[in-house]
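Here is a short briefing on charges, contacts and cover in one protein model. Keep the structure open as you read.

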Amino acid sequence: MPDRQRQLLVVANRLPIRAVTEHGETRYETSPGGLVSALGPVMSARPGSTWVGWAGAPGDAPAPFELDGVHLVPVALDPSDVEDYYEGFSNSTLWPLYHDAISPADYHRHWWDRYVVVNQRFAHAVVDRAEIDATVWVHDYQLQLVPGMLREMRPDLRIGFFLHIPFPAREIFMRLPWRRQVAKGLLGADLVGFQTRTTLHNFRHSVPRVCDATTHGSVITYGSRDVATVRHPIGIDFDRFSDGASAPAAAERAETLLENLGSPTTVLLGVDRLDYTKGIDRRLRAYHELLQERRLDPETTTLVQIAEPSRSNVNRYNEIRVTVEQLVGEINGDFGTMDKPAVVYLHQSQPFDELIALYRLADVMVVTPFRDGMNLVAKEYVAARVDNRGVLVLSEFAGAAHQLRQAVLVNPYDIDGVKGAIEAAATMPPAEQSSRMRPMRRLVRRTSAQQWATSFLAELERT
Ligand code: F6P
């Protein structure tokens with residue numbers, strides 16, 4: 001069957017939608033996000049494209065419906081699925097483990113059991129709708145068993161899997177009591193993709209060992225099948241950020257925001273989900289010390305920290321929130337004035353236009369996760385700097401650091417190093433800012449989200 005006729009099914013924990021309730025009626029609209037900007041154009045161009053995922057609220061799922069030319073199939077998660085599969089196994093076992101176990105992972109057999117059940121539910125939703133020889137692209141750590149389940153039920157399918165978060169080193173992966181089942185699940189795919197060479201290497205060195213497979217270069221032979229593995233870093237919708245930032249409205253909004261902040265001469269910006277992997281606490285400590293040591297002038301410097309609420313039923317997320325908010329209070333208590341805060345902290349997500357304005361006005365973007373699959377915020381900042389100005393301070397342990405080599409790279413555990421990087425960024429001459437920003441912008445433009453999706457699918461359909 002020629003490739004262009006294959007039906008495409010995308011399977012991800014979340015559907016690319018958000019519910020809007022008006023006058024007591026709920027409707028769904030597309031929620032702009034990394035994955036949907038990558039896959040939307042490819043899916044709308046292929047008749048019959050289907051996205052299987054959770055609509056985001058516990059309880060009954062809405063009936064399947066069409067949105068922007070894509071057939072959406074909601075999978076129901078009841079409150080105990082959310083507790084055990086999503087908050088439990090996905091976000092309290094796999095999430096910390098795969099992020100280098102920077103926070104201890106919890107292992108509970110009933111969480112694992114529910115992870116299996118929910119993965120089966122997603123797999124069945126695919127099988128019920130997949131045409132013969134369809135292409136199925138499964139996403140991320142919540143659904144690692146789905147490729148293997150699909151392979152057993154429907155050997156005709158072409159199956160791809162992409163891991164958006166890191167895959168840990170072998171010693172860490174080996175701690176997982178269900179490592180063999182997870183490895184087998186992933187090896188059900190024809191093509192498995194990773195963000196960086198390091199995480200691809202970790203996979204190739206862990207997975208064959210736990211399930212008697214052999215590795216030959218980029219191919220893992222498992223039983224009678226070959227599984228291709230690839231490094232395939234995700235991008236962003238460059239034009240959306242670049243065009244948005246070029247619009248006069250963005251410049252006007254940036255000016256207003258700057259005035260509202262008390263017209264500081266240096267604005268530092270952090271934009272993160274409020275997650276303990278993001279290093280927000282260390283970043284705040286570094287900033288506090290820089291103000292205390294007068295290496296940054298409290299009268300002319302402001303840090304804006306956007307912390308998008310996330311996974312708030314998981315204890316560790318509440319703990320990091322308390323830590324971050326305490327630090328913000330200390331810094332403002334020490335250095336804020338009636339006219340100008342030292343830190344503006346918002347525990348809210350920001351609309352696109354506000355984000356663009358913030359990127360435009362930030363002299364220094366501080367992205368310091370302890371571990372991160374990619375970090376799209378770093379790429380968004382670069383795309384929004386249409387003036388080729390601004391400096392990106394970027395953790396070595398974010399996938400983006402493998403591509404954005406002209407950023408000021410830092411070890412986020414090294415507070416003195418982070419302080420030095422922020423200080424250097426805040427005082428960097430404009431010519432050096434441009435010479436670093438230009439190549440990064442070229443790279444982010446060239447390796448866009450759309451290019452990422454098209455080339456992964458092309459490779460999958462060639463396997
Ligand atoms: O980075 C992994 C990821 O699952 C992203 O795909 C997603 O945007 C983010 O984490 C938020 O996850 P959640 O679905 O748990 O809110």
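Buried means under 20% relative accessible area, exposed means over 50%, and partly exposed lies in between (1.4 Å probe, protein chains only). This is a predicted model: local features need pLDDT of at least 70, side-chain atom pairs count only at pLDDT 80 or more, and totals for chains, interfaces and linings use all residues. Residues are numbered from 1 along each chain as its sequence is written, and side-chain values use heavy atoms, with hydrogens and water left out.

**Salt bridges**

- Side chains of opposite charge can pair when their charged atoms come close.
- A salt bridge is a side-chain nitrogen of Lys or Arg within 4 Å of a carboxyl oxygen of Asp or Glu.
- The whole structure holds 24 salt bridges.
- One of them joins Arg-283 to Asp-272, with the closest N and O atoms 2.7 Å apart.
- Arg-283 lies in helix α10 (residues 280–292) and Asp-272 in strand β13 (residues 266–273), so this pair ties together parts that are 11 residues apart in sequence.
- Helices (H or I, at least four residues) and strands (E, at least two) are DSSP runs, numbered from the N terminus.
- Arg-283 counts as buried because its relative accessibility is 2%. Asp-272 is buried too, at 5%.
- Asp-81 pairs with Arg-121, and their closest N and O atoms are 2.8 Å apart.
- Asp-81 sits in helix α2 and Arg-121 in helix α3 (residues 109–129), so the pair links parts that are 40 residues apart in sequence.
- Asp-81 is buried at 2%, whereas Arg-121 is partly exposed at 28%.
- Arg-27 and Glu-22 also form a salt bridge (3.5 Å, N to O). Arg-27 is partly exposed at 38%, and Glu-22 is partly exposed at 41%.

- Lys and Arg count as positive, and Asp and Glu as negative; His and the chain ends are not counted.
- Asp-84 lies in helix α2 (residues 79–98).
- Asp-84 touches Phe-89, His-110, Trp-111 and Arg-114, leaving aside residues up to four places away in sequence. Contact here means heavy atoms within 4.5 Å.

**A buried strand residue**

- Val-367 is in strand β16 (residues 364–367).
- Is Val-367 buried or exposed? Val-367 is buried, because its relative accessible area is 2%.
- Not counting residues up to four places away in sequence, Val-367 touches several residues, including Arg-283, Asn-375, Val-377 and Leu-392.
- Val-367 and Ser-434 are 67 residues apart along the chain, and their C-alpha atoms are separated by 19 Å.

**Out on the surface**

- Arg-438, Arg-442, Arg-445 and Arg-446 gather in a surface patch of positive charge.
- Patches are made of residues with over 30% relative accessible area and no salt bridge: like charges are joined within 9 Å, nonpolar side chains (Val, Leu, Ile, Met, Phe, Trp, Tyr) within 5 Å.
- The place of a charge is taken as NZ of Lys, CZ of Arg, CG of Asp or CD of Glu.
- Arg-446 belongs to helix α15 (residues 430–446). Arg-446 is exposed, at 57% relative accessibility.
- Asn-260 is found in helix α9 (residues 248–260). Asn-260 is exposed as well, at 54%.

Technical notes. Accessible areas come from the Shrake-Rupley method with a 1.4 Å probe; for residues, only the protein chains shown count as cover.
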